[in-house]
Amino acid sequence: MLFRNIGTCFLLILLISPTIFSSAFSNVDIRWAAKKRHMREKVRKMFYHAYDNYMTHAFPHDELKPLTKTFTDSLSELGNLNLEHLPQDYNGSALTLVESLSSLVILGNNTEFERAVLWLSENLAFDVDARVNLFECNIRVLGGLLSAHLLATDSTSRLVKGAYSNQLLLLAEDLGQRFLRAFGTPTGLPYAWINLKYGVMENETTETSTSGCGSLILEMGVLSRLTGDPRFESAALRALRKLWSMRSSLNLLGTTLDVATGDWIEFSSGIGAGVDSFYEYLIKAYVLFGNDEFWRMFHAAYIAVQKYFRHGPWYHEADMRTGKATYWQLTSLQAFWPGLQVLVGDVASANSSHREFFHVWERFGVLPERYLLDHQMLHPTEKYYPLRPELAESTFYLYQATKDPWYIEVGQSIVKSLNLYTKVEGGFASIKDVTTKQLEDHQHSFFLAETITFLQQRVIRFR
């Protein structure tokens, strides 16, 4: 979630970091400078171990299978838990490369950035018979292309003069036009699934999540601003406004809904899977676009979360209609919340929750996907850790806000665990069971795009 992808995440960092973090940079503790440099170098090596193995064994397919040193064309599988309607002739969209573009710049590798941009300009196309999840494709692919376009056209002249003529923006515009077909519903809420070549499939499910239809405004809004075509932002904004109008009298939303009828399906929700990025996009849309409407939505929603979901440093789930607790559980996606709280200035609450997440990390060596707070035990079927970035992201934000060296130590602990438990000869593997550290043959693209990059504990400052 996050930003669940590098495109959206670093798009915001690019645009807002000079104003949010500039004062903090003048107070770096000299005593920690050497330790930070050492960790950055270690993380840099991690990135290239993952990236080089992807380029060697998986490119131009979507993601690397590090244990067998093969590939998976996973864009059509993202969010597709039952692996339904998989395409027959889809051969990948270089997903990991698209998501790694901004990371290459963060690491200062303009040569590889240029090579990647030019390859994508000449080879990437979206006229493919593949059913994809709108939310996942938006945050990963559209966001990645837009961020890379901004990096390719800023004043630092990263690319050879004349080599770039807005090719990535043209690809983003083509993808955005394909997305628009998902919004053709009576409510304006988009379908969760769309075929890139043919649009919405016959008998397509009308069920989607709050995140799925409420986390499109950043990429679609930026696409409209860059192309001058208002349709993208208008569609995303209409969906967001409709979703907000469906909130309860407590200013809470559910987790899943029907895009045709506008009725809620799942009334229980929290700040984790299915809802998380809705809150994130509201505050970051306000920061990016300066529209007070986004702030009013976010402020009301944030107060409701703190009132009905919070229990000490933890956040449980609750029924949107009554505010009564439903599920007492920690999910790994919730770990983005402290980072969000830093953006709104609630650093004390952010620190409190972050420390609890890190305690769970220390207990298991990584952060399990789901932990039952009321039973103080792992969820029996969700013991995995897919190299998620959320805890590293919140650590990054809290360090930039406070310059407390403890967060450097947290970053070091995360780096140590990743190298100890997930590094293999062919890259970095997900963990299938956090208790046994059994590995799974999958290196998710967001590991390069977000997890590793946040562990650099720095941001680029732009003129």
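This is a predicted model: local features need pLDDT of at least 70, side-chain atom pairs count only at pLDDT 80 or more; totals for chains, interfaces and linings use all residues.
Residues are numbered from 1 along each chain as its sequence is written. Local features need pLDDT of at least 70, side-chain atom pairs count only at pLDDT 80 or more, and totals for chains, interfaces and linings use all residues.

**Exercise 1.** Determine whether the residues of helix α17 are buried or exposed.

*Solution.* Begin with the terms: buried means under 20% relative accessible area, exposed over 50%, and partly exposed in between (1.4 Å probe, protein chains only). A helix is a DSSP run of H or I with at least four residues, and a strand is a run of E with at least two; both are numbered from the N terminus. Next, locate α17 at residues 445-454. Among its buried residues are Phe446, Phe447, Glu450 and Thr453. Finally, 10 of the 10 residues are buried, so α17 is largely enclosed by the rest of the structure.

**Exercise 2.** Identify the strand order and the edge strands of the open sheet of three strands.

*Solution.* Two strands pair if DSSP finds at least two bridges between them. The order is β12-β13-β14, with antiparallel pairing. The edge strands are β12 (329-331) and β14 (377-378), each pairing on one side only. Strand β13 (residues 370-372) is joined to β14 by two bridges. Leu372 has Met377 of β14 as its bridge partner.

Definitions and conventions:
Side-chain values use heavy atoms; hydrogens and water are left out.
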